[in-house]
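Colleague: I would like to learn how to read a model like this one. Please take me through it feature by feature.

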Amino acid sequence: MEQFLDNIYINNLLEQAAAAPDGDIDRVLGKASRFEGLTHREVAVLLAMESDEHWARVFNIALEIKKRIYGDRIVMFAPLYISDYCVNACAYCGFNCGSKAPRRKLTLDEVRSEVEILERMGHKRLALEAGEDPEHCPLSYILDVIKTIYAMKTDNGAIRRVNVNIAAAGVDEYRLLKEAGIGTYILFQETYHRPSYEKYHTSGPKSDYLWHSGAFDRAMEAGIDDVGGGVLFGLYDARYEALALMLHNEHLEKRFGVGFHTISLPRIRKAEGATQTKWPYAVSDKAFLRLAAVLRLAVPYTGMIISTRETPEMRKSLINCGISQLSGGSAVEVGGYALREQNAAQFRVLDERTPQDILLWLMDEGLIPSFCTACYRNGRTGDRFMSLAKAGEIKNVCLPNALMTLCEYAEDYGSEAFKEKSALLIDAKLGDIADENIRENIKNNIKRIRAGERDLFL
Ligand code: SF4
Ligand code: SF4
């Protein structure tokens, strides 16, 4: 734990890597192209590269990894903001405690309204988002919300996996979240660079760097084996952040046998109500794509997530760098889905397409939008998931599950044009299932789904 918090160690790594000879770069790229993942030292070597030729090789390997490990599926999810009360003072966030903006927390009835809309959009996987406020948004409320969501069904729609992105907590609280059946516990470190962290987090429980950076250790001690990390790129030198992310991942692997299940890649954006507006470390599009590709090489088996904070053009480029999960049709404020239905929301995302438009776009790109939640429901979490992924076998379940969930979506929510397009894609991609028995089984399942059965998965 101490090592990944060590500023001097990371700075030394970056300095040494800048002097790496071409032979070292070739060796690291060779290792990456065998899908073996990279150590933090090897990541440092790639991040220091300058030659466009080397970078072209990185992008090619990232694309190869994406195809070979994940196949053509892209997993879809939506965020659900339930409370913007917050006692922290994060300088980049409009929900910071100094903001005079009115606060809101959804009642359980309002949660039902939001989830009904999300279920009618076809979503099966949510990321629950809440600010930190023990008085207005205690853990008991979060647990009630999770229970409420899992108990709901709208026609054929149901949320099958609730991932949770809430403040760092203690082991006992994480145990309660585990018992509530959460999917992944997500927490962004924001920045691993301690002086920057302390500069941008001046008060509230989150200002305690060690408490925040030790959260996944406590979550894993409590039995949560899927955790999702991330940094807010732009708070400090992105190369430093990427290395620290790798050190954190290695620390969790060493201590618990499994590292990050997912890594999210948010970038700093202007936020209304934020106390800081200038970001000297803001990351350009070019640098951001490079970062995503290097991370894909470093952790080939870890899901990588981007949100609607990126433009459609960037999302397309990022998918080619190995992004495996996308949010779609997102509302990023408390009660935002109902507000949007009333046309009143201030929509602060850069990809404003409807979920169905996004699915159509993905299919046009030859990709399969997937609403799969099968691993979590089959107990394939933590090291059970990772051993399957590392054996290169995860795509054998991802592809069939993607086709079945796309078929469900088309039947329940698709326009006639959508049904037609998805049927062609499903037919074509069925041929990519190598095992004949599985292929026949999935063909049969597609027929069963079209006849009205739901929730078939491998
Ligand atoms: Fe609160 Fe999270 Fe915003 Fe920080 S980032 S002010 S913890 S809601
Ligand atoms: Fe994700 Fe598992 Fe479904 Fe693949 S099979 S999309 S890894 S839940």
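Colleague: What covers the buried residues of helix 19?

Modeller: First the terms. Helices (H or I, at least four residues) and strands (E, at least two) are DSSP runs, numbered from the N terminus. Contact means that two C-beta atoms, placed from the backbone, lie within 7 Å. Here the cover includes helix 15 (355-364), strand 9 (368-370), helix 18 and helix 20 (436-450). Bear in mind that this is a predicted model: local features need pLDDT of at least 70, side-chain atom pairs count only at pLDDT 80 or more, and totals for chains, interfaces and linings use all residues. Residues are numbered from 1 along each chain as its sequence is written, while chains are lettered from A and ligands numbered from 1 in the order in which they are written.

Colleague: Which residues of helix 19 are buried?

Modeller: Burial is a count of other C-beta atoms, placed from the backbone, within 10 Å of a residue's own: 20 or more is buried, 12 or fewer is exposed, and in between is partly exposed. In helix 19, S422, L425, I426 and K429 are buried. They span an arc of only 100° around the axis, which puts them on the same side of helix 19. The arc is taken over the directions from the helix axis to the C-beta atoms. The face turned away from that buried side carries the exposed residues E416, A417, E420, L424, D427 and A428.

Colleague: How far does helix 19 reach from its first C-alpha to its last?

Modeller: The expected span of a helix is 1.5 Å times one less than its number of residues. Helix 19 (residues 416-430) has 15 residues and reaches 21 Å, close to the 21 Å expected.

Colleague: Where do the buried residues of helix 13 fall, seen down its axis?

Modeller: R315, L318 and I319 are buried in helix 13 (residues 312-320). They fall within an arc of 105°, so they line one face of the helix. They pack against strand 1, helix 12 (285-298), strand 7 (303-306) and strand 8 (325-327). Just after helix 13, G322 takes a positive phi of about 110°.

Colleague: Which residues other than glycine have a positive phi?

Modeller: D155 is one of them, with phi of about 50°. E190 is another case, with phi near 70°. D155 sits in the loop between helix 6 (139-150) and strand 3 (161-165). E190 sits in the loop between strand 4 (185-186) and helix 8 (194-200).

Colleague: Is E190 buried or exposed?

Modeller: E190 is buried, with 25 other C-beta atoms within 10 Å. D155 counts as exposed, with 10 C-beta neighbours inside 10 Å.

Colleague: Now the ligands. What surrounds ligand 1?

Modeller: A residue belongs to a shell if its C-beta atom, placed from the backbone, lies within 6 Å of the molecule. For ligand 1 that gives C86, N88, C90, C93, F95, N96, G131, E132 and K206. Classes come next: Ala, Val, Leu, Ile, Met, Phe, Trp, Tyr, Cys and Pro count as nonpolar, Asp, Glu, Lys and Arg as charged, and the others, Gly among them, as polar. This shell has four nonpolar, three polar and two charged residues.

Colleague: Where is C86 found?

Modeller: C86 is in the loop between strand 1 (73-83) and helix 5 (108-120). C86 is buried, with 23 other C-beta atoms within 10 Å. Leaving out residues up to four places away in sequence, C86 touches F95, N96, C97, G131, E132 and D133.

Colleague: And which residues surround ligand 2?

Modeller: V75, S370, C372, T373, A374, C375, I394, V397, C398 and N401. They divide into seven nonpolar, three polar and no charged. The largest share, four residues, comes from helix 18.

Colleague: Last topic. How far apart do the C-alpha centres of domain 1 and domain 2 lie?

Modeller: Domain bounds come from an automatic or database domain assignment. That assignment gives domain 1 (68-352) and domain 2 (391-450). Their C-alpha centres lie 29 Å apart. The contact takes eight residues from domain 1 and ten residues from domain 2. On the domain 1 side, the residues divide into two nonpolar, four polar and two charged.
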